[in-house]
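Reader: I have not worked with this structure before. Could you take me through it, one topic at a time?

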Amino acid sequence: MSENAIGAENQQGSLFNKIGNDPSETTRRTPTTKYQIVAYLNGAIHNATLNKGKRIRFAQKNKQWLENLQDLLKQINCNSWIYKEGKDRNVYVLETLCKDLDFRFNPSKLKNDSEKAFYIRGFFDAEGGIPHTKDRFYIQLVQKDLDKMNKIKTMLSDIGIESGKIHNPSRKVDPDYWRIFISSKHHKKFAEIVNSWHPVKSKIFCDRMKI
């Protein structure tokens, strides 16, 4: 990883420690460029869909993550709105018409390692998994697009993070479901460089990785 990228990510990590477990504060106060924010949002878009009105739609039970996305969209001068979906459902929706978000976004065109780390952070917040209990710790990334998974694995290598083989957990259950695990010896490195702006995942990193 380049020296500048490491400096930016370490600065994010140290700031995160100073302000505690509130990712919304992190997104507001961490120095980031528009390119880094756009990279993050295009990683996070894997949690979204496109409705008939061309609005990008994020649906989540965790309203705070949507508020974090809204903060980031404001920083790049994009409007968005959040609402609860239905009276009896514990689901919240963020919608935006931001033109910087694109389902065809190609992460291979990202300019530097810092932007790659931000893209992976967004992808991890949308499609990543870590245990919520004190069981054996793991970090996984999942996706149905094998080509995208190959690009993610390459970007992880670019920023100095080792990952396992891309594999399908069960072809009988879903032949198009792909997963990679981060090497256990690089868990802390992933937490420090990639980190998370998801309120649940970021807290687990703080508790388990002591960052």
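Reader: Which residues of H5 and H6 meet?
Author: This is a predicted model. In it, Asp113, Lys116, Tyr119, Ile120 and Phe123 of H5 meet Lys148, Met149, Ile152, Met155, Leu156 and Asp158 of H6.

Reader: At what angle do H5 and H6 cross, and within what distance do their axes come?
Author: The axes cross at roughly 130° and come within 10 Å, with H6 covering residues 146–158. H5 and H6 are therefore oblique to each other.

Reader: Is that crossing left-handed or right-handed?
Author: The crossing of H5 and H6 is left-handed.

Reader: And H3 with H5, at what angle do they pack?
Author: H3, which spans residues 34–44, packs against H5 at an angle of about 30°, and the two axes are 6 Å apart. Because angles under 35 degrees count as roughly parallel, H3 and H5 are described as roughly parallel to each other. In this pair, H3 passes H5 in a right-handed crossing.

Reader: Which residues make the contact there?
Author: From H3 they are Tyr35, Gln36, Ala39, Tyr40, Asn42, Gly43 and Ala44. H5 contributes Ser114, Glu115, Phe118, Tyr119, Arg121, Gly122, Phe123, Asp125 and Ala126.

Reader: Turning to the nonpolar core, how many residues does the largest one have?
Author: The largest nonpolar core has 51 residues. Those with the most contacts inside this core are Tyr40, Leu41, Phe58, Leu69, Leu156, Phe190 and Phe205. Helix H5, residues 113–127, supplies the largest share of the core, with seven residues.

Reader: Why would such side chains gather like that?
Author: In soluble globular proteins, nonpolar side chains tend to be buried together.

Reader: What is Leu69 in contact with?
Author: Setting aside neighbours within four places in sequence, Leu69 is in contact with Tyr40, Leu41, Ala44, Phe58 and Leu94.

Reader: Now Val142: where is it, and is it buried or exposed?
Author: Val142 lies in strand S6, residues 140–143. Its relative accessible area is 10%, so Val142 is buried.

Reader: What does Val142 touch?
Author: Not counting residues up to four places away in sequence, Val142 touches Phe123, Glu127, Met149, Tyr177, Trp178 and Arg179.

Reader: Are Cys98 and Cys206 buried or exposed, then?
Author: Cys98 has a relative accessibility of 5% and so counts as buried. Cys206, at 13%, likewise counts as buried, because the limit for that term is under 20%.

Reader: Finally, the chain as a whole: how many helices and strands are there?
Author: The protein chain has eight helices and seven strands. Of its 211 residues, 51% are buried.

Reader: What share of the contacts join residues at least 24 apart?
Author: Among contacts between residues at least 6 apart in sequence, 64% join residues at least 24 apart.

Definitions and conventions. Residues numbered from 1 in each chain as written. Predicted model: local features only at pLDDT ≥ 70, side-chain atom pairs only at ≥ 80, totals over all residues. Heavy atoms only, no water. Buried < 20%, exposed > 50% of the residue type's maximum accessible area, 1.4 Å probe, protein only. Core = buried A, V, L, I, M, F, W, Y, C linked by side-chain atoms within 4.5 Å. Helix = DSSP H or I, 4+ residues; strand = E, 2+ residues; numbered from the N terminus. Contact = heavy atoms within 4.5 Å. Axes fitted to C-alpha atoms, helices over the stretch in contact; angles between N-to-C directions. Parallel < 35°, antiparallel > 145°, perpendicular 65-115°, else oblique. Left-handed = near helix turned anticlockwise from the far one by under 90°.
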